[in-house]
Amino acid sequence: MTTHEHDNVPTGAPEDLVERASGVGGTPSGMSATDVRVRSDLARHLGRDIYPADREALLARLRGTSAPDHLVDLLAGLPVDGFDYESVQQLCRALGLGTEEHHT
């Protein structure tokens with residue numbers, strides 16, 4: 001791939017540009033696009049200040065923020081056991097959603 005001397009804009013065949021762009025962004029390893037979207041929606045409606053929180057507190061927050069029914073229904077499926085979730089990541093694991101795989 002080459003660039004124009006004047007403006008540093010990449011040039012080349014369109015398929016080359018698509019190939020380069022496909023390596024940027026996307027979904028984290030271990031997660032589907034749906035997992036990313038649901039986690040993002042949960043994080044937006046729950047906020048960070050709620051944790052640690054149990055099922056009932058999480059459901060109350062979702063209802064209080066007028067979260068979509070599919071999020072309320074998803075969390076309603078959690079066990080009624082008084083367990084406190086420490087983060088949206090831990091909550092997503094409990095819901096069976098994929099989570100980011102961190103490599104050390």
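This report covers the salt bridges in a predicted model.

A search of the whole structure finds three salt bridges.

| Arg 44 | Asp 41 | 3.1 Å |

**Within helix H2.** Arg 44 pairs with Asp 41. Both residues sit in helix H2, which spans residues 33-46. They are three residues apart, about one turn of the helix. Their surroundings contrast. Arg 44 is exposed, at 57% relative accessible area. Asp 41 has a relative accessibility of 14%, so it counts as buried, the cut-off being under 20%.

**Between helix H3 and a loop.** Arg 61 belongs to helix H3 (residues 55-64), while Asp 49 lies in the loop between H2 and H3, so the pair ties together parts that are 12 residues apart in sequence. Arg 61 is partly exposed, with a relative accessible area of 25%. Asp 49 is exposed, at 61%.

**Arg 55 and Glu 56.** Arg 55 is buried, with a relative accessible area of 14%. Glu 56 is partly exposed, at 42% relative accessibility.

One general point applies to such contacts. Side chains of opposite charge can pair when their charged atoms come close.

Technical notes. Residues are numbered from 1 along each chain as its sequence is written. This is a predicted model: local features need pLDDT of at least 70, side-chain atom pairs count only at pLDDT 80 or more; totals for chains, interfaces and linings use all residues. Side-chain values use heavy atoms; hydrogens and water are left out. A salt bridge is a side-chain nitrogen of Lys or Arg within 4 Å of a carboxyl oxygen of Asp or Glu. Helices (H or I, at least four residues) and strands (E, at least two) are DSSP runs, numbered from the N terminus. Buried means under 20% relative accessible area, exposed over 50%, partly exposed in between (1.4 Å probe, protein chains only).
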